[in-house]
Amino acid sequence: MKLQINNQERETAARNLQELAEELQLPAKGVAVAVNNAMVMRASWATHTLSENDRITIVKAACGG
Amino acid sequence: MLQFISHYTDRYTYLDSIRFALEGGCRWVQLRMKGATDDDVRPIAREALSLCRQAGATFIIDDRVALVKELGADGVHLGKNDMPIAEARQLLGPNCIIGGTANTFADIVAHHRASANYIGCGPFRFTTTKDNLSPVLGLDGYRHIVEQMRQARIDLPIVAIGGITAGDIPAILGTGITGIALSGAILRASDPVKEMKRIINITQP
């Protein structure tokens, strides 16, 4: 599936935000994520299903990417 | 995504404004208390951090790198006259969000190199509150900057700031800008919580 992450296109196999976070190796702390401009709390990542062309914004600390 | 920048009025305190924002659904808060001392800010920041933690919101503090480190806030926002981003990164380590104010693409490139995690880009229009020396960007300015970032493959989130009202938001997000920072609009509304909800809805069409 194709996503826009911080305005860059990315192909992913992730089905939800948690899987995407793992794929992107997001750190355990210091990350804020929004899907189509709605902030999604970490506790909800696993249940937040991704759809084709979702626009993801990730604010994360420097490490791991 | 919406970043709320705390402010105050005769009726409401900084913490009131943060409570309103969180209650209205905002999950990214910046505490900005220009002109105050760290000792003035500390108790307010501590309370704000606790409110943000309860709400699951990201909490950053404007300018005060030492306080961010001391309190364990999620990050710091650095304006043009604040500590350089690279220096703050050394003090705060890799797990802290650092945002930097930019007026031009050149600023963004410099912030990106210095390890910034997001960009506050403005001013969108002339404001009386700050940064009056910087040229106004408007929608064309944002479009141009977003395109330059795409070409340079700089994938930092970029938040528009400066004199933005609710009615501007759809057009700004239409330029490819990824977020909006708002300050004044909330407390000026007769029902600040309702106003925050309305604005959040506008950013999430």
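**Entry 1: where the chains meet**

I looked up the interface and found that about 2100 Å² is buried between chain A and chain B, with carbon and sulfur atoms giving 58% of that area; buried area here is the accessible area (1.4 Å probe) that two parts lose on being put together, summed over both. Of the area that chain A buries against chain B, 29% comes from A:Asn7, A:Gln8 and A:Asn37, which is more than any other three residues supply.

I note that this is a predicted model, in which local features need pLDDT of at least 70 and side-chain atom pairs count only at pLDDT 80 or more, while totals for chains, interfaces and linings use all residues. Residues are numbered from 1 along each chain as its sequence is written, chains are lettered from A and ligands numbered from 1 in the order in which they are written, and side-chain values use heavy atoms, with hydrogens and water left out.

Counting contacts (heavy atoms within 4.5 Å), I get 21 residues of chain A touching 27 residues of chain B. I also searched this interface for salt bridges, meaning a side-chain nitrogen of Lys or Arg within 4 Å of a carboxyl oxygen of Asp or Glu, and the rule finds zero.

**Entry 2: salt bridges**

Over all chains, the search of the whole structure finds 15 salt bridges. Which residue does B:Arg64 pair with in a salt bridge? The partner is B:Asp38, and the closest N and O atoms are 2.9 Å apart. This pair links distant parts of the chain, 26 residues apart, with B:Arg64 in the loop between β3 (58–62) and α3 (65–71) of chain B and B:Asp38 in helix α2 (residues 38–55); helices (H or I, at least four residues) and strands (E, at least two) are DSSP runs, numbered from the N terminus.

Is B:Arg64 buried or exposed? I record B:Arg64 as buried, because its relative accessibility is 10%, and buried means under 20% relative accessible area, exposed over 50% and partly exposed in between (1.4 Å probe, protein chains only). B:Asp38 is partly exposed at 29%.

I then looked at B:Arg125 and B:Asp168, whose side chains meet in a salt bridge at 2.9 Å, N to O. Here B:Asp168 is buried, with a relative accessible area of 12%, whereas B:Arg125, at 33%, is partly exposed.
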